[in-house]
Amino acid sequence: MTDPRSDRFVRSHLKTRQLVLLVELGRHGSILHAAQAANLTQPAASKLLSDLEHVLGVKLFERLPRGVAPTWYGEVMIRRAGAALAELDAAHQEVMELLSGMAGRVAVGAVLTPSTTLLPAAITALKARQPRVHVAILVDTSKILIEQLQNGELDLVIGRVLDSESAAQLSFEPLTDEPHTLVARAGHPLAGRQDLSLAELARQSWIVPPAGSILRDRLTAVFLSAGLDLPQHTVETLSLPVMTSLMAQSDMVSALPCELVRPYLEAGQLIELPVDLGLRMDVYGIVTRRGHQLSPGAELMLACLREAAGRPPSS
């Protein structure tokens, strides 16, 4: 049931300009620069912010000698304001697309493995049914994708929910986990070695995912728990074409999902190195915002993802 106090706040006190100002304050950390970005004067921006803090009864930003910094309350309002504005933008875009005869759009985020397997199959099915639905795809780490989902920039994510605070706001449909294998080019000097040690692997050149990703953290733990220094010669990327090209032209190694590299192994471009690092990622799945009404295009994408994953349509 809707809290009547919240309803009064939204209907009687909250202004769209305040939402825009909150988002710009989060981006710029300065009332002057946020006012300029929101097409407001600085006095008008200061008054909008003061009015909002007065109505809420909390301080949203700490006034610093140079700029402002959001409080915990401010962080909540910035995140929610961004999502609200994204919803309004999406509504406008959906109306314009319907007027022009288009069938809508959907923005999907995915971690690496499903971006090359599950997602293409789902998009192919979607396009067979509604070819005019515009699909935008972002491939990144789960942390970044979930942030963009919460901000309303993405409709769906195929990834992982990494913290309990986010979990309360999201719906998660588990799909599968990702066992990883250590791979290198065919003919690599370590190929066929049955006595590979972690110490020797630590001296190799590695291709690694970005800092903060689950795989990066678990690779770090593998070496540190064995009392070893981390590999010093690394390239950081999530791009599969970049990874495979680097390995083809060098002796670099990388830990990648078995499903992702299977075509390269079968084609003889890559080989598995005979060492088990025990790397398994948490289960990834389809993530949506809890209680959020998906657009028709996003609903169709969700149905196609479930079908491609072999899940019941109503799950």
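**A buried serine, an aromatic pair and a helix crossing**

Good morning. Ser213 has a relative accessibility of 9%, so Ser213 counts as buried (under 20% relative accessible area with a 1.4 Å probe, protein chains only). The model is predicted: local features need pLDDT of at least 70, side-chain atom pairs count only at pLDDT 80 or more, and totals for chains, interfaces and linings use all residues. Residues are numbered from 1 along each chain as its sequence is written, and side-chain values use heavy atoms, with hydrogens and water left out.

Where does Ser213 lie? Ser213 sits in the loop between strand E7 (205–208) and helix H11 (214–225); helices, of at least four residues (H or I), and strands, of at least two (E), are DSSP runs numbered from the N terminus. The Ser213 side chain reaches the backbone oxygen of Pro210 at 2.9 Å and the backbone nitrogen of Arg216 at 3.3 Å.

I turn now to the aromatic rings. The count comes to one aromatic pair, where ring centres must lie within 6.5 Å, with the six-membered ring used for Trp. Trp206 and Phe223 form this pair, 5.7 Å centre to centre with 90° between the planes, which is edge-to-face (over 60 degrees). Because Trp206 lies in strand E7 and Phe223 in helix H11, the pair ties together parts that are 17 residues apart in sequence. Trp206 is buried, at 1% relative accessible area, and Phe223 is buried at 2%.

Finally, the helices. The axes of H7 (residues 118–129) and H14 (residues 296–308) come within 8 Å and cross at roughly 125°. The contact (heavy atoms within 4.5 Å) includes Leu118 and Arg129 of H7 and Gly297 and Ala308 of H14. Thank you.

Definitions and conventions: Buried < 20%, exposed > 50% of the residue type's maximum accessible area, 1.4 Å probe, protein only. Polar contact = N/O pair within 3.5 Å; in protein donor to acceptor, adjacent residues only side chain to side chain. Phe/Tyr/Trp six-rings, centres within 6.5 Å; stacked < 30°, edge-to-face > 60°. Axes fitted to C-alpha atoms, helices over the stretch in contact; angles between N-to-C directions.
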